[in-house]
Amino acid sequence: MSPLSPDSLCLADPPIRSDRLRVIVSYLQMNAPPHRRFLPPPQPGLVVARAYEPTLSFYRYLYHTVGEPWLWHERRLMSDETLTAIIRNPQVEVWVLYRRGTPAGFAEIDRRDAPWVYLAYFGLIPDFIGQKLGPWFLDWIVATAWASDTVLFGVNTCTFDHPKAYNLYCRAGFTPLRHVTRLVKDPRREGILPQNIAPHIPLADS
C-alpha cells in the first residue's frame, strides 16, 4: 500500500507525459467493523507486536525492504527529524509482523485525525509474500484499528502495488470510494531508487 493521501490528488485523467509514470490511485474506507469471522493464523509462530518509539534505522529498514518493489519512496526523502516526529507520535502505531522471531512485514495506523483513522502503510517483506500471511495480518490490523473510538477507517492502494492488494482490501471489508489517475516522477529516474527494481513498472523516459 502506497501512501498517496487525498491532499496530494491531481487532476483525473491528466495528459500523458513520456517522462512521467501513470498511476491509478484507489481510495477505500470502512464505516464500521466488518461483521465476519477473521481468518485463523496460516502457520505457527506468527506474532504481531507494536514498535513503541521505533528507532529510525529499524523503521527505515522496514519501509525500504517492504516498499522498494512497489516504488515506495516518499519517506526516503524525509529528513531524520521529520520522519522521527511522525513515527514516534503517540497517535501513530507501527505494528510489526514476526514469523518465528524474524520481521515479516509491518503496518502503520495513523490516529492523528481520530476518530477518522488511516492505514498509512501495509505490506510484507518480499521473502514472505505468497505464504498467505497478508490476509491474516490485514485482518489483525483491521481488528486493532477498530478497538478504540474509530468511526472511519481509510486506506489507499495504487497500480504500482502488488496486483492482489486492491482485492485484499476489499475482502477485508473496505469499500472503494473513487479512483484517481495521477502522473508522477519515476523515483528510479530521479536516483531515489535503483533502476533495476519493480520490473513490472516500465521505466519512464528520461
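Predicted model: local features only at pLDDT ≥ 70, side-chain atom pairs only at ≥ 80, totals over all residues.
Which residues does R36 touch, not counting residues up to four places away in sequence? The first legend below answers this, and the later ones turn to other parts of the model.

Figure 1. Residues are numbered from 1 along each chain as its sequence is written, and side-chain values use heavy atoms, with hydrogens and water left out. R36 touches D139, R171 and A172, not counting residues up to four places away in sequence; contact means heavy atoms within 4.5 Å. With a relative accessible area of 28%, R36 is partly exposed. Here buried means under 20% relative accessible area, exposed means over 50%, and partly exposed lies in between (1.4 Å probe, protein chains only). From C-alpha to C-alpha, R36 and R178 are 24 Å apart in space and 142 residues apart in sequence.

**Figure 2. The chain as a whole, with four helices and seven strands.** Helices (H or I, at least four residues) and strands (E, at least two) are DSSP runs, numbered from the N terminus. Along the sequence they follow the pattern β-β-α-α-β-β-β-α-β-α-β. The radius of gyration is 17 Å, close to the 17 Å that the globule rule gives for 206 residues, so the chain is as compact as a globular protein of that length. This radius is taken over C-alpha atoms, and the globule rule is 2.2 Å times the number of residues to the power 0.38. The C-alpha trace spans about 45 × 35 × 35 Å along its principal axes. Of the 206 residues, 47% are buried. Among contacts with a separation of 6 or more, 72% are between residues 24 or more positions apart.

**Figure 3. The open sheet of seven strands.** The strands stand in the order β2-β3-β4-β5-β6-β1-β7, and the pairing is mixed. Two strands pair if DSSP finds at least two bridges between them. At the edges are β2 (46–50) and β7 (175–184), each with a single partner strand, so one side of each is left without a neighbour in the sheet. Neighbouring strands are turned by 25 degrees against each other on average, direction ignored. Axes are lines fitted to C-alpha atoms, for helices over the stretch in contact, and angles run from 0 to 180 degrees between N-to-C directions. Strand β3 (residues 92–99) pairs with strand β4 (residues 102–110) in the antiparallel sense over eight bridges.

**Figure 4. Strand β1 and its partners β6 and β7.** Eight of the 10 residues of β1 are buried, so this strand is largely enclosed by the rest of the structure. With β7, β1 pairs in the antiparallel sense over nine bridges; the bridge partner of L21 in β7 is V184. The pairing of β1 with β6 is also antiparallel and has six bridges, and in β6 the partner of Q29 is G154.

**Figure 5. Helices α3 and α4.** Helix α3 (residues 133–145) lies across β1 (21–30), β2, β3, β4, β5 (116–124) and β6 (152–158), and runs at about 160 degrees to β5. In helix α4 (residues 165–172), the buried residues are A165, L168, Y169 and A172. They cover an arc of only 95 degrees around the axis, which puts them on the same side of α4; the arc is that of the directions from the helix axis to the C-beta atoms. An α-helix has 3.6 residues a turn, so residues three or four places apart point the same way. The cover over the buried residues of α4 includes β1, β5, α3 and β6. Just after α4, G173 takes a positive phi of about 120 degrees.

**Figure 6. Backbone details at P115, E53 and A198.** A114 and P115 are joined by a cis peptide bond, with omega of about 15 degrees, and P115 lies in the loop between β4 and β5. E53, in the loop between β2 and α1 (56–67), has a positive phi of about 45 degrees although it is not a glycine. At 59% relative accessibility, E53 counts as exposed. A198 lies in the segment after β7 and has a positive phi near 50 degrees, in a residue other than glycine. At 4% relative accessibility, A198 counts as buried.
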